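Subject: Structure handover

Dear colleague,

Here is the structure I said I would pass on. Please look it over before reading my notes.

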Amino acid sequence: MGCVTNHQRFILTYPDPILRMKAKAIPKVTKSIRDLVADMFRLMREEEGAGLAAPQVGESLRLFITEARPDDGVPERVFINPVLSKLDGDLIPYDEGCLSLPAIRGMIRRPTFVAIDAIDLDGNVVHLESDAFPARVWQHEFDHLDGMLIIDRMSPIDRLRTRKMIKELEREAGL
Ligand SMILES: [Zn+2]
């Protein structure tokens, strides 16, 4: 994996252009992928996120992780080259934030049910379905692999409400 770098990783924030790229499939689970995943778990936990996608740490690869939810019996998980399907159910609004958009939150409407197929860190095929919180996280993290952020899915009202904060992030980046 020549495209995996070994620099000190950190969470990129909007408007970093890597967050807007379509991420590339991972051909093989190598040691550098396992190292990347370890870095991602460390960073996700430092920031107390529910999930984290590889583009958010500067690697434009189709990979995301999700945090364990012991109360719901959900373990921590790694999804490599994930595919979502069977999106179904009512579009339910839910208050979402994103580690790449500090302090910005909005009500995002997503289908309640989704199935996911992916490879795990051992190279095994995983198939899961959810109509609960994991379905929400999978869809949020999957969006990152296609360069999509919550600000793209916000209602016009939320976009207006958060406009100043978004502009401030752009100004800090020198845009
Ligand atoms: Zn996010």
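The notes below go from the overall fold to single residues.

This is a predicted model; local features need pLDDT of at least 70 and side-chain atom pairs count only at pLDDT 80 or more, while totals for chains, interfaces and linings use all residues. Residues are numbered from 1 along each chain as its sequence is written.

Overall fold

The chain has five helices and five strands, in the order α-β-β-β-β-β-α-α-α-α along the sequence. Helices (H or I, at least four residues) and strands (E, at least two) are DSSP runs, numbered from the N terminus. The C-alpha atoms fill a box of roughly 45 × 40 × 30 Å along the principal axes. The radius of gyration is 16 Å, which agrees with the value near 16 Å for a compact globule of 175 residues; it is taken over C-alpha atoms, and the globule rule is 2.2 Å times the number of residues to the power 0.38.

Of the 175 residues, 32% count as buried. A residue is buried if 20 or more other C-beta atoms lie within 10 Å of its own, exposed if 12 or fewer, and partly exposed in between, with C-beta atoms placed from the backbone. Two residues are in contact if their C-beta atoms, placed in that way, lie within 7 Å. Among contacts between residues at least 6 apart in sequence, 65% join residues at least 24 apart.

Core and α2

A nonpolar core is a set of buried Ala, Val, Leu, Ile, Met, Phe, Trp, Tyr and Cys residues joined through C-beta atoms within 7 Å. The largest one has 36 residues, and Met40, Leu52, Ala54, Leu63, Phe64, Phe79 and Ile80 touch the most other members. At least two residues each come from α1 (31-46), β1 (51-53), β2 (63-66), β3 (77-97), β4, α2 (133-145) and α3 (150-153). The most, five residues, come from α2. Leaving out residues up to four places away in sequence, the contacts of Phe64 include Leu52, Ala54, Phe79, Glu141 and His144.

In α2, 12 of the 13 residues are buried, so this helix is largely enclosed by the rest of the structure. Among them are Trp138, Phe142 and Leu145, as well as Arg136, Glu141 and Asp143. The buried residues of α2 pack against β1, β2, β3, β4 and β5. From first C-alpha to last, α2 reaches 19 Å, close to the 18 Å expected; the expected span is 1.5 Å times one less than the number of residues. Gly147, which follows α2, has a positive phi near 75°.

Strands β4 (residues 105-119) and β5 run antiparallel and are joined by six bridges; two strands pair if DSSP finds at least two bridges between them. Ala115 stands opposite Glu129 in β5. Five residues separate the two strands of this hairpin, and Gly123 in the turn has a positive phi of about 85°.

Backbone points to check

- The peptide bond from Tyr14 to Pro15 is cis, with omega near 10°; Pro15 is in the segment before α1.
- Lys86, in strand β3, is not a glycine but has a positive phi of about 55°. Lys86 is exposed, with 11 other C-beta atoms within 10 Å.
- Ala103, in the loop between β3 and β4, is not a glycine either and has a positive phi of about 75°.

Regards
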